Amino acid sequence: MFRLQGSKVLAVDMTGDAVKAKNGSMVAYDGQMAFKKMSGGGEGLRGMVTRRLTGEQMTVMEVRGQGTCWFADRASEINLVRLNGDKLYVESSNLLATDGGLRTGTSFTGLRGASQGNGLFTTTVEGHGQAAITSDGPAVVLRVSPQYPLTVDPGAYVAHQGEVRQSFQSGVTFRTFLGEGGGEAFQIRFEGDGLVYVQPSERNTIAGDV
């Protein structure tokens, strides 16, 4: 159903089924398609309320029909993630599209969200199917294992999946070594067994000033 055309365009072949995508990300389609705007990045009242509380803006549309629809988002790199009953945690700004059968919601992130300036909740995707996430530059998928925990700069974090626990530690960031940071900063530490997606270009965060 999901396939990449190059690294920056997602093609979705549909036979009467549906896909949920970031509003405004459709760049072309053929066949017969119907578009419906959905409220909130998560399903149900909780998803809407939490995003209003944190000020996050994530408008989603549902596309249903017969044919092929193409999606892109500001020439960002697109990465396909297959879920087999597990859960994907992804920054709302990095979620491009999901299979219609996947469930989306919100999860409390606490300090990490505050340090990134993205609010206190992040988007979750779970079920069986595919999701497409974006990154600023080609994403790198890093393995977390019990023997090898992983530490990530908040500005480079995109998503993670698997049996992974996250914690926050203060100290210098990678930018501090380049003379670009100052004051207390946070890093995200992942432990357990799973995958973490990072991008080679850091988004602007307030972590360096917290």
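Modeller: Let us start with a cut-off: a residue is buried under 20% relative accessible area, exposed over 50%, and partly exposed in between. The model shown here is predicted. Y29 has 40% relative accessibility, so Y29 counts as partly exposed.

Colleague: Is F35 buried, exposed or partly exposed?

Modeller: F35 has a relative accessible area of 36%, and is therefore partly exposed. Y29 and F35 form an aromatic pair.

Colleague: How many aromatic pairs does a search of the whole structure find?

Modeller: The search finds two. In the pair of Y157 and F190, the planes lie at 20° and the centres 5.8 Å apart, so this pair is stacked. Y157 belongs to strand β11 and F190 to strand β12; the two residues are 33 residues apart, and the pair links distant parts of the chain.

Colleague: Why does Y157 count as buried?

Modeller: Y157 counts as buried because its relative accessibility is 0%. F190 is likewise buried, with a relative accessible area of 0%. Across the chain, buried residues make up 49% of the 210 residues.

Colleague: Which residues touch the most other members of the largest nonpolar core?

Modeller: They are L10, V19, V63, F71 and A97, in a core of 15 residues. Strand β2 gives the most to this core, with five residues. Beyond its neighbours within four places in sequence, V19 is in contact with several residues, including V12, V63, F71 and A97.

Notes:
Residues numbered from 1 in each chain as written. Predicted model: local features only at pLDDT ≥ 70, side-chain atom pairs only at ≥ 80, totals over all residues. Heavy atoms only, no water. Buried < 20%, exposed > 50% of the residue type's maximum accessible area, 1.4 Å probe, protein only. Core = buried A, V, L, I, M, F, W, Y, C linked by side-chain atoms within 4.5 Å. Helix = DSSP H or I, 4+ residues; strand = E, 2+ residues; numbered from the N terminus. Contact = heavy atoms within 4.5 Å. Phe/Tyr/Trp six-rings, centres within 6.5 Å; stacked < 30°, edge-to-face > 60°.
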